[in-house]
Amino acid sequence: MSQTIVLIAAGVALLMLVRIAWLDFLTLKIRNIDVLVLSGVTLLMVALTLPSPGLVDLAAGALLFVLGVVFWSLGMTGAGDAKLLFPLGIMVGFDGLATFALLLMPVSLLVLVLFIAARLILPEDGRLRRRLAEIKATKGIPYAVPLFLAAFGAMLPRFL
C-alpha cells in the first residue's frame with residue numbers, strides 16, 4: 001500500500017515540477033509556496049520509505065540544497081532555483097545524483113539552443129516568440145526548465 005502512495009506522490013511531485021518549470025518560463029520566478037508544497041510531497045515520499053532509501057534521499061536533497069545556496073551566494077542562480085534543488089534531490093534520490101549532474105549541462109545547452117532556434121523560426125507576432133524575446137531582454141534564465149528535464153531523466157530508472 002505504501003509503495004502505491006509513493007508512486008502517486010511521485011506523480012503529483014512530477015506534475016508540480018512541470019507547473020513550476022512552466023511558471024518559471026512565464027515569469028522568471030519560482031514561488032516559495034510552490035517549492036514548499038513540492039517539498040511536502042517529497043518529504044511524504046521520504047517518510048513512507050524510511051529508514052532506507054528515505055534518509056539517503058533526504059541527504060541527496062540536502063546536498064543539492066547546499067550546492068544551490070552556494071551557487072545563489074555566488075550570484076550564479078536565483079534563490080528560487082536554489083530552494084527548488086531540495087525537493088529535486090529527494091525526487092532524484094542519492095542513486096540518481098550522478099545521472100542528474102551529467103544530464104544537467106547537455107540539457108541546459110539543448111534548452112538554450114531551442115530558445116535561440118525558436119526565436120528565429122517562430123512567427124514574429126507569436127506569443128511564444130515574444131516571451132523568448134522578453135527573456136533575452138531581461139537576461140533572465142528560467143533554470144527550472146533544464147532542472148526539470150534533467151531531474152525527469154534521472155528519475156526514470158527509479159520509478160520504472
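I started with E134 and R131, whose side chains meet in a salt bridge at 2.9 Å, N to O. I took a salt bridge as a side-chain nitrogen of Lys or Arg within 4 Å of a carboxyl oxygen of Asp or Glu. The two residues are 3 apart in helix α6 (residues 127-138), so about one helical turn separates them. Helices here are DSSP runs (H or I, at least four residues), numbered from the N terminus.

I noted the ground rules. This is a predicted model, where local features need pLDDT of at least 70 and side-chain atom pairs count only at pLDDT 80 or more, while totals for chains, interfaces and linings use all residues. Residues are numbered from 1 along each chain as its sequence is written, and side-chain values use heavy atoms, without hydrogens and water.

Next I checked accessibility. Buried means under 20% relative accessible area, exposed over 50%, and partly exposed in between (1.4 Å probe, protein chains only). R131 is buried at 13%. E134 is partly exposed at 41%.

I then searched the whole structure and found 3 salt bridges. R19 pairs with D34, with closest N and O atoms 2.8 Å apart. R19 sits in helix α1 and D34 in helix α2, so this pair ties together parts 15 residues apart in sequence. R31 also bridges to D34, at 3.2 Å. I logged R19, R31 and D34 as a salt-bridge network. D34 is buried at 10%, whereas R31 is partly exposed at 45%.

Last, I looked at S39 in helix α2. S39 is buried at 9%.
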